[in-house]
Amino acid sequence: MVKVPPRDIARHLKALPDGIRAVLVYGRDDGLVRERSEAIGKQIVEDLSDPFQVARPSTEDLKQMPSTLLDEANAISMMGGRRLVRYDGAGAEAAEPVKLLLDAETVDGLVVITSGDLKPSSALRKAAEASKVALAIACYEDNARDLMGLIQSVLSEASLSASQDAVHYLADNLGGDRMVSRGELEKLVLYKGPGGGQVTLEDAKACVGDTAAIGLNQIAEAVTAGNMTALERLLERAWTAGENSIAILRTLQNRLMRFHLARGYVDQGMSPADAIGKLRPPVFFGEKDRFQIEVSRWSAKKIEQALSILMEAELDCKTTGNPADVICARTLLRLAKAAK
């Protein structure tokens with residue numbers, strides 16, 4: 001498959017190139033994987049739940065008959081046109097069926113395969129990336145730029161604008177799962193009603209409060225504030241929501257890197273307020289006072305030690321085989337204690 005660079009993903013979601021017979025959509029953001037795979041599927045079939053136009057073979061089907069994906073893709077559609085084959089939650093068992101599909105002389109339908117995070121060394125990904133008749137699309141958590149684009153897209157479709165502080169609040173508090181973020185924004189659109197207008201900070205807070213409670217940013221804030229009670233509660237909710245340990249560690253890492261930059265300005269003689277004002281993206285105005293207090297509390301040496309601990313924790317999550325959520329929780333509690 002051809003690995004699609006981020007700048008080309010939106011174009012392929014609207015129209016696949018000619019000759020493409022399979023698309024692998026994978027990554028840590030389950031919501032984004034689902035959203036993109038559905039957008040691709042709807043290029044072939046409008047109703048993805050239509051059993052006459054969409055085949056959904058099971059894992060057992062592939063294990064018993066590796067040619068299942070190829071056979072389903074070449075089956076004649078009862079409604080005419082191309083046939084769509086969906087295979088979700090793919091793992092190593094899909095490598096050989098995908099290879100058979102991609103090596104076949106002709107394939108009439110389109111196969112869309114979804115999976116979680118795949119390492120470059122995974123058999124499925126390696127089998128997929130060797131072909132020119134398919135695409136591989138990676139899906140990772142939205143960064144600030146992605147979230148800004150999503151916010152503007154959803155609101156503009158509803159003829160809504162938003163005040164600057166409302167946009168910053170939404171970007172700071174929407175979570176790392178695309179479907180959850182989109183759901184919260186659609187809830188905000190319903191809240192505002194059909195009349196259009198401007199979303200205010202009060203509107204945003206009224207609709208996105210629950211996401212904020214379980215957001216990764218709130219976990220990072222609890223750690224840097226040394227709030228053990230909040231941290232334990234937020235972690236419990238994060239595990240229940242299926243949050244990824246690496247994403248949690250990296251969110252905290254990003255917050256500490258912003259601390260480190262601001263702290264550097266302060267150590268050069270700048271006032272904390274001016275130092276925070278130089279950060280981009282800017283600190284949400286409602287958090288500025290707390291951010292300033294914490295930057296004053298965390299020395300550059302302490303921040304560097306914390307960043308080193310987070311890097312070790314991420315490495316342990318990926319290499320030791322020990323439960324990642326245990327490593328993550330232990331690390332965050334350790335840093336929260338140090339923050340006091």
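**The buried interior**

Modeller: Leaving out residues up to four places away in sequence, valine 25 touches Val33, Arg36, Ser37, Ile40, Ile113, Thr114, Ser115, Ile137 and Cys139, where contact means heavy atoms within 4.5 Å. This is a predicted model, in which local features need pLDDT of at least 70 and side-chain atom pairs count only at pLDDT 80 or more, whereas totals for chains, interfaces and linings use all residues. Residues are numbered from 1 along each chain as its sequence is written, and side-chain values use heavy atoms, with hydrogens and water left out.

Valine 25 belongs to strand E2, residues 22-27; helices (H or I, at least four residues) and strands (E, at least two) are DSSP runs numbered from the N terminus. Because its relative accessibility is 0%, valine 25 counts as buried, a term that stands for under 20% relative accessible area, with exposed meaning over 50% and partly exposed what lies in between (1.4 Å probe, protein chains only). From valine 25 to valine 208 the separation is 183 residues in sequence and 28 Å in space, C-alpha to C-alpha.

For the setting, the protein has 17 helices and eight strands, and its C-alpha atoms fill a box of roughly 70 × 55 × 35 Å along the principal axes. Of its 340 residues, 48% are buried. Among contacts between residues at least 6 apart in sequence, 77% join residues at least 24 apart.

The largest nonpolar core has 39 residues, a core being a set of buried Ala, Val, Leu, Ile, Met, Phe, Trp, Tyr and Cys residues joined through side-chain atoms within 4.5 Å. Within this core, Ile219, Leu231, Ile248, Leu252, Leu256 and Leu332 touch the most other members. At least two core residues come from each of helix H11 (216-225), helix H12 (228-240), helix H13 (245-267), helix H15 (288-297), helix H16 (300-319) and helix H17 (324-339), and H13 gives the most, with eight residues. Leucine 252 is in contact with Ala220, Val223, Thr224, Leu310, Leu332 and Leu335, once its neighbours within four places in sequence are set aside. Apart from this core lies another, of 25 residues, including Tyr87, Val111, Ala136 and Ala138. In soluble globular proteins, nonpolar side chains tend to be buried together.

Aromatic rings deserve a separate look. Rings of Phe, Tyr and Trp (its six-membered ring) pair if their centres lie within 6.5 Å, and planes under 30 degrees apart count as stacked, over 60 as edge-to-face and the rest as tilted. By this rule there are two aromatic pairs.

Alanine 339 lies in helix H17 and, at 0% relative accessibility, counts as buried. Although 115 residues separate alanine 339 from threonine 224 in sequence, they are 5.8 Å apart in space, C-alpha to C-alpha.

Helix H8 (residues 164-173) is mostly covered, as seven of its ten residues are buried: Ala166, Val167, His168, Tyr169, Leu170, Ala171 and Asn173.

For contrast, methionine 78 sits in the loop between helix H4 (68-74) and strand E4 (84-87), and at 64% relative accessibility it counts as exposed.
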